[in-house]
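Thank you for sending this one over; my notes follow the structure below as numbered points. Please read them with the model open beside you.

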Amino acid sequence: MISTIMLGVRDLARAKTFYTASLATTVEKDHPNFVSLSLRGGLSSLALYEWTAAAHDAGVSPEGSGFRGVSFHFITDTPETVDQIIAKAEAAGGSVVRKPQAAQWGGYFGYFADPDGHLWKVTTSKLTHVELPAQDTRSSWVAVRRDQHDHDRP
């Protein structure tokens, strides 16, 4: 079970402000190079560690940029909540990487980046009816696959 996710950040105070404002987390521990935030009522936590100190702790170079091959996912039930979370993240100093939109699998999602460039996908957890452009042939494929899958069940 993953209990904590740690992010290396360039400005600890800025990151703490961003996460408490955008994801409504609460601060559990607040130290000079480290902050621990409670997620989902304490079920897990997000640790923010000063970038260079985090790299030193792991024994790697603090140099590097671009896509890190990782995104974090915030799952909610409604498209409206997706919109709200992304708007809060932008207002708190993050950037919208991909505006919220209907997904070909029937849900709704968007991406934001925190001030250090860490990617967060905000998405619905349930399939919802969304309209895709008429030229998008994937929507009919998804419907066929769902129907086929439903018929395969015992």
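1. Strand β3 (residues 34–39) is largely enclosed by the rest of the structure, because five of its six residues are buried. Here buried means under 20% relative accessible area, exposed means over 50%, and partly exposed is in between, with a 1.4 Å probe and protein chains only. Strands are DSSP runs of E with at least two residues, helices are runs of H or I with at least four residues, and both are numbered from the N terminus.

2. The model is a predicted one, in which local features need pLDDT of at least 70 and side-chain atom pairs count only at pLDDT 80 or more, whereas totals for chains, interfaces and linings use all residues. Residues are numbered from 1 along each chain as its sequence is written, and side-chain values use heavy atoms, with hydrogens and water left out.

3. On one side, β3 pairs with strand β2 (residues 26–31) in the antiparallel sense over five bridges, where two strands count as paired if DSSP finds at least two bridges between them. Within this pairing Asp-30 has Val-35 of β3 as its bridge partner, and the hairpin that joins β2 to β3 passes through two residues.

4. β3 also pairs with strand β4 (residues 44–50), again in the antiparallel sense, over six bridges. Leu-37 has Leu-46 of β4 as its bridge partner, while Ser-38 stands opposite Ser-45 in β4. Four residues lie between β3 and β4 in their hairpin, and Arg-40 in the turn has a positive phi of about 50°.

5. How is Ser-38 placed, buried or exposed? This residue of strand β3 is buried, with a relative accessible area of 12%. Leaving aside neighbours within four places in sequence, Ser-38 is in contact with Thr-25, Thr-26, Glu-28 and Ser-44, contact meaning heavy atoms within 4.5 Å.

6. The strands discussed above belong to an open sheet of four strands with mixed pairing, in the order β1-β4-β3-β2. β1 (4–9) and β2 stand at its edges with a single partner strand each, so one side of each is left without a neighbour in the sheet. Direction ignored, neighbouring strands of this sheet are turned by 20° against each other on average; axes are lines fitted to C-alpha atoms, for helices over the stretch in contact, and angles run from 0 to 180 degrees between N-to-C directions.

7. Helix α1 (residues 12–22) packs on this sheet, where it touches β1, β2, β3 and β4, and its direction makes about 155° with that of β4. Helix α2 (residues 51–58), for its part, lies across β1 and β4 and runs at about 100° to β4.

8. The largest pocket has a volume of about 480 Å³. Of the 19 residues that line this pocket, Leu-39, Arg-40, Ser-44, His-73 and Phe-74 are the closest to its centre. β5 (71–76) is one of the strands that supply at least two residues each, and the largest share of the lining, four residues, comes from β5. A pocket is an open set of points on a 1 Å grid over the protein atoms alone, where a 1.4 Å probe fits, with protein on both sides within 12 Å along at least five of seven lines, and lining residues have an atom within 4 Å of a point. Points are joined across faces, edges and corners, and the volume is the space filled by probe spheres set on them.

9. As for the whole chain, the protein has four helices and eight strands, and 32% of its 154 residues count as buried.
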